[in-house]
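Hello,

Here is the structure I promised to pass on. My notes on its pocket and ligand follow below.

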Amino acid sequence: MPIKIIRQDITKLECDAIVNAANNTLLGGGGVDGAIHRAAGEELLEECRTLGGCKTGQAKITGAYNLPCKYVIHTVGPIWKNGNYGERALLTSCYRNSLELAKQYECNSVAFPLISSGAYGYPKDEALRVATDTISDFLLENEMLVYIVVFDKRAFSIGEKLFCDIQQYIDDNYAERFANRRRGVYESTVMSQDICFDSMPCAPSMQKASLDEMLLQIDESFSQMLLRKIDESGMTDSQCYKKANIDRKLFSKIKSNVNYKPSKTTAIAFAIALELSLDETKDFLMKAGYALSHSNKFDIIIEYFITNKNYNIFEINEALFEFDQCLLGV
Ligand code: AR6
C-alpha cells in the first residue's frame, strides 16, 4: 500500500497507530509529543511511566486512550548536530523500528510526523527524504497504508534548488503558452503541415510495419496497455504498483476490468513507475482520456520530472505537495 503525505494535526487522525516524536524519558514534552499527550489524557503518561524510557532510534508502543487511533508508537529521533554523528542512520531506525512495531501489532495504517524536524533541528527536506526512503523500502515487502503528516506549510520544504528549478520550469512554460497564444492559428497550420511532410520520406515497409502495429494497438485499452508495458519493463505487477504508490486493491480493479478508467493521477503514477518518456506518457494518458498541457502547474511539474528523467514518485509528490497540487498514487 502507498505513502500519503497529508497536512493535518496528527492527533485528529483515525488510523491504527500514530507515531510520537518523543524524548528518551517518554514522559512528554513540547511539539507533537505535547499535543499527543494532551489529546490522549493522563492515562497515556501513566502507561509511559512503566516503559523505562527509550533509546534514540528505538520505539515503544502504548494504548491511545482518548485519541481516535488504537496505539501510539513512541520513538526518539536524533538531535541534529551537523550530520556527521550518525543522525541519518538513527532517524532511519526510528522509522524502521516504528514500522516493525506497527506490523507486529497488525496495524493496517500508521501515521508519522516528521520526526526530529522540530525541536531536534533535523533539516526538514532531509528529514522528509529519510522518511520517504525508509517507508518506501518497508512497503516493498509489506502491506500497510502509511501517512506522513505535515503539520504546517513551514514544516515542509523540498530542497531550495529543486524548488527554484521547478518554479523556473513552470514560469518558462506558462510564458511559452502565452507567447503561442499571441502567435495564433497560422503557426499551428504550419506545424500540422510539417507533420505530413515528416511522414513522407518513410520507406513503404517501415510504414506498413508501424501501421500494422498501430492497428493492432488501436483497440488496446488503458488496462491492456498498462499490463503490456509492465511485461515489457520486466517488472512484476507488485513491483510496478508499489513503485507507482498505488494500492494493491486498485491495481486488481484495473487489471480485472479491461475498460477501467483510472483517475489522471493514477494514470500518471503508472507512467512514472514505468519510466516512460514524455511522448510515451502522452500516448499512455490518451488511453485513459487525458493529456498533459501547459495550462496548469500540475502537468508542468510532471513534465519537468519526466524530462529530467527523475522517476522517484516520492520526490515528485514532495514537489507537488510544495506547490499545493494533487499527489500521485493513492
Ligand atoms: N501533528 C503533526 N505534526 C506536528 C504536530 C501535530 N499536532 N505538532 C508538531 N508537529 P517536534 P522533534 C510537527 O519538535 O523535532 C518534544 O519536546 C512539527 O512541525 O515535535 O523530534 C519531545 O519531547 C515538526 O515538523 O519533535 C522531544 O524533546 C515535527 O512534528 C523533542 O520535542 C516534529 O517536531 C523532539 O523533537
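By class, how many residues in the lining of the largest pocket are nonpolar, polar and charged? The lining has 14 nonpolar, ten polar and four charged residues; here Ala, Val, Leu, Ile, Met, Phe, Trp, Tyr, Cys and Pro count as nonpolar, Asp, Glu, Lys and Arg as charged, and the others, Gly among them, as polar.

Please keep in mind that this is a predicted model, where local features need pLDDT of at least 70, side-chain atom pairs count only at pLDDT 80 or more, and totals for chains, interfaces and linings use all residues. Residues are numbered from 1 along each chain as its sequence is written, and side-chain values use heavy atoms, without hydrogens and water.

The pocket first. The volume of the largest pocket is about 610 Å³ (an open set of points on a 1 Å grid over the protein atoms alone, where a 1.4 Å probe fits, with protein on both sides within 12 Å along at least five of seven lines; lining residues have an atom within 4 Å of a point). It is lined by 28 residues, of which Ala21, Gly31, Val32, Gly118 and Ala119 are the closest to its centre. Strand E2 (17-22), helix H1 (31-40) and strand E6 (145-150) each supply at least two lining residues (DSSP runs, at least four residues for helices and at least two for strands). H1 gives the most, with four.

Now the ligand. The ligand sits in the largest pocket (more than half of its atoms lie within 2 Å of the grid points). Of the 24 residues around the ligand (a heavy atom within 4 Å), Gly30, Val32, Asp33, Ser117 and Gly118 come nearest. H1 also gives the most to this shell, with four residues.

Oxygen atoms of the ligand lie 2.8 Å from a backbone N or O atom of Val32, 2.7 Å from a polar side-chain atom of Ser117 and 3.1 Å from a polar backbone atom of Tyr120.

Best wishes

Notes
Points joined across faces, edges and corners; volume = space filled by probe spheres on them. Polar contact = N/O pair within 3.5 Å; in protein donor to acceptor, adjacent residues only side chain to side chain.
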